[in-house]
Amino acid sequence: MNFPVLQNDLILRAARGQPTERAPVWVMRQAGRYLPEFRKMREKHGFFDICQTPELACEITLQPIRRFPLDAAIIFSDILVVPQALGMVVEMRPGEGPVFPEPLNMPDDLDKLCSKDSVEKLQYVFDALTLTRHKLEGKVPLLGFTGAPWTLMSYMIEGKGSKTQAKAKKWLYQHPEASQKLLQMITNLNVDYLVGQVKAGAQMLQVFESHGEFLTQELFDKFSLPYLTAIVEQVKGKLKADGIPEVPMTVFAKGAHFALEQLARTGYDVIGLDWTMNPESSRARVGNNVTLQGNLDPCALYAPKEELAEKVAKMALAFGSHRWIANLGHGIYPDVDPDHMEAFVEAVQKFSVKK
Ligand SMILES: Cc1c2[nH]c(c1CCC(=O)O)Cc1[nH]c(c(CCC(=O)O)c1C)Cc1[nH]c(c(CCC(=O)O)c1C)Cc1[nH]c(c(CCC(=O)O)c1C)C2
């Protein structure tokens, strides 16, 4: 596809354990809600209309890259496009967030899902990736992503955000086989979806297990870890079989602090840490063969800029300069002042320089 030559490969080097002059930095959910230029675009267009229109998705992906000296762009989309591709309706309601008008209630409802040709329904994401990779002009690598099977399953059953995920967890206890059938269906689509994203131009991939925090270790071992592992093994295996150079893969399992050692053995190149994790003890637990990503408290961006810079300096010291990708410990919040996002990025660049 003759993509422009990459000029900044810091994040790819950090992910592979190669030396970097300083830590690369990007921010989860960096495109979107907190930027006035995004909100202006949202006044005119529906959320999923933007996702489905490559020119608009590309424009929003580039907005934070124009403003801040970031080291990666993440394609503008949402994890919930995967349930849509399986035949579910998802609406984005103002003030409420994503809603499934007809969530899955009982195992029989799985028959309503349609896994045939589902990856083809995501062609618009592939088109957005290809366009964006060109429009980035090689400035920084382009990241693709998906939601992990458990996180997507929980949305498909709850039908919206939930404080407890009790309906979804009820399935794990009452309908373990149906749960595994659903998780496998999502895993299969995710593998094809991520391979398709790389073929379309994604240079690195992240799997978001945002609802890891609701699982016990026992539930995580049974209903999350095997599917996260299958995804990394199969995506890397398929790329290799197709003669396509492998790309680094990140897993962000929010709240799954108990699973750090296991996650480090799955084959992911990068483990994302949420803001509750201690960088030094996390490093001691995972060893030196994986890269860590994170993990400043997203609310630290509310602090005065000087204090924010101090927190970043402290974080840089705790992670050290090798195998670290600087980020927040979860997505940036919608009411953060963009000037403080800039202060965060600049502080990482200043304090993570290798001595
Ligand atoms: C990576 C990504 C996501 N969503 C969006 C992006 C695009 C890139 C970016 O913003 O940088 C756009 C993205 N997605 C959404 C928005 C706001 C919608 C709007 O403009 O009205 C944007 C910009 C909508 C959305 N989509 C989702 C929610 C959370 C709902 C809840 O559980 O209460 C919400 C509010 C689901 C979702 N979506 C995503 C996750 C995983 C990351 C995380 O844990 O934050 C999750 C859980 C991932």
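Visitor: Taking axes as lines fitted to C-alpha atoms, for helices over the stretch in contact, with angles from 0 to 180 degrees between N-to-C directions, at what angle do α9 and α11 cross?

Guide: This is a predicted model. In it, the axes of α9 and helix α11 (residues 225–241) cross at roughly 35 degrees and come within 9 Å. The crossing is right-handed.

Visitor: Which residues make that contact?

Guide: On the α9 side they are Leu183, Thr187, Asn190, Val191, Leu194, Val195 and Val198. Tyr227, Ala230, Ile231, Gln234, Val235, Lys238 and Leu239 supply the α11 side.

Visitor: Let's stay on Val198. Buried or exposed?

Guide: Val198 counts as buried, because it has 23 C-beta neighbours inside 10 Å and the cut-off for buried is 20 or more. Beyond its neighbours within four places in sequence, Val198 is in contact with Leu239, Ile244 and Val247.

Visitor: And how far is Val198 from Ala259 in space?

Guide: The C-alpha atoms of Val198 and Ala259 are 27 Å apart, and the two residues are 61 apart in sequence.

Visitor: Which helix does α6 meet at roughly 30 degrees?

Guide: That is α9; the axes of α6 and α9 come within 8 Å. α6 and α9 are therefore roughly parallel to each other, since angles under 35 degrees count that way. Val125, Phe126, Leu129 and Thr130 of α6 make the contact with Gly196, Gln197 and Ala200 of α9. The handedness of this crossing is right-handed.

Visitor: What about α4 and α6, how do they cross?

Guide: Helix α4 (residues 54–67) and helix α6 (residues 123–135) cross at roughly 50 degrees, with axes that come within 8 Å. That angle makes α4 oblique to α6. This crossing is right-handed.

Visitor: Which α6 residues does α4 meet?

Guide: Tyr124, Asp127, Ala128, Leu131, Thr132 and Lys135. From α4 the partners are Pro54, Glu55, Ala57, Cys58, Thr61 and Leu62.

Visitor: On to the core. Which members of the largest nonpolar core touch the most others?

Guide: Leu143, Met153, Ala202, Ile271 and Val348, out of 110 residues. Helix α9 (residues 176–200) contributes the largest share of this core, 10 residues.

Visitor: What does Val348 touch?

Guide: Not counting residues up to four places away in sequence, Val348 touches Ala23, Val25, Val312, Ala316 and Ala326.

Visitor: How many residues of α7 are buried?

Guide: Nine of the 10 residues of helix α7 (residues 149–158) are buried, so the helix is largely enclosed by the rest of the structure. The buried ones are Pro149, Trp150, Thr151, Leu152, Met153, Ser154, Tyr155, Met156 and Ile157.

Visitor: What follows α7?

Guide: Gly159, with a positive phi near 85 degrees.

Visitor: Where does UniProt put the URO-D domain feature?

Guide: The unreviewed UniProt entry places "domain: Uroporphyrinogen decarboxylase (URO-D)" at residues 24–33 and 143–159. Residues 24–33 are 0% helix and 0% strand, with end C-alpha atoms 23 Å apart. Residues 143–159 are 59% helix and 29% strand, and their end C-alpha atoms are 27 Å apart.

Visitor: Where is the cis peptide bond with omega of about -15 degrees?

Guide: That bond joins Gly294 and Asn295. Asn295 is in strand β8 (residues 291–296).

Visitor: Last one, Lys167. Which helix is it in?

Guide: Lys167 is in helix α8 (residues 166–174). Lys167 counts as partly exposed, with 15 C-beta neighbours inside 10 Å.

Visitor: What is Lys167 in contact with?

Guide: Ile157 and Glu158, leaving aside neighbours within four places in sequence. Lys167 also lies 8.6 Å from Asn105, C-alpha to C-alpha, although the two are 62 residues apart in sequence.

Key:
Residues numbered from 1 in each chain as written. Predicted model: local features only at pLDDT ≥ 70, side-chain atom pairs only at ≥ 80, totals over all residues. Core = buried A, V, L, I, M, F, W, Y, C linked by C-beta atoms within 7 Å. Buried ≥ 20, exposed ≤ 12 C-beta atoms within 10 Å, placed from the backbone. Helix = DSSP H or I, 4+ residues; strand = E, 2+ residues; numbered from the N terminus. Contact = placed C-beta atoms within 7 Å. UniProt positions renumbered as here; feature names shortened; annotations may be inferred. Parallel < 35°, antiparallel > 145°, perpendicular 65-115°, else oblique. Left-handed = near helix turned anticlockwise from the far one by under 90°.
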